Amino acid sequence: MTDSTDADPASCRHCGEALEDASSRRVVSSIEDGHAVHRQFCDDECLEAWTE
Ligand SMILES: [Zn+2]
């Protein structure tokens, strides 16, 4: 069991920084193919810089 998901510490989708203590983090939730997808970012800068 090395591929846990929900239990993993959040990390920024854009830069990969751990978000455990990030108070300014942003979460973007969407539904894709019937599944809830949550993308997390350090802050607005990473959110805006990130492109899929
Ligand atoms: Zn980031």
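This is a predicted model: local features need pLDDT of at least 70, side-chain atom pairs count only at pLDDT 80 or more; totals for chains, interfaces and linings use all residues.

Biologist: How do β1 and β2 run, and how many bridges join them?

Modeller: They run antiparallel, with seven bridges joining β1 (residues 26–32) to β2. Strands here are DSSP runs of E, at least two residues, numbered from the N terminus, and two strands pair if DSSP finds at least two bridges between them. One of the bridges pairs I31 with A36 in β2.

Biologist: What's in the turn of the hairpin?

Modeller: Two residues separate the strands, and D33 in that turn has a positive phi of about 55°. Most residues other than glycine have a negative phi.

Biologist: Is D33 buried or exposed?

Modeller: Exposed, because it has 5 C-beta neighbours inside 10 Å. The cut-offs are 20 or more other C-beta atoms within 10 Å for buried, 12 or fewer for exposed, and partly exposed in between, with C-beta atoms placed from the backbone.

Biologist: And where is H38?

Modeller: H38 is in β2, residues 35–41. Beyond four places in sequence, H38 contacts V27 and S29; contact means C-beta atoms, placed from the backbone, within 7 Å.

Biologist: Switching topic, which residues does C46 touch?

Modeller: Leaving out residues up to four places away in sequence, C46 touches C12, H14, C15 and F41.

Key: Residues are numbered from 1 along each chain as its sequence is written. Helices (H or I, at least four residues) and strands (E, at least two) are DSSP runs, numbered from the N terminus. Two residues are in contact if their C-beta atoms, placed from the backbone, lie within 7 Å.
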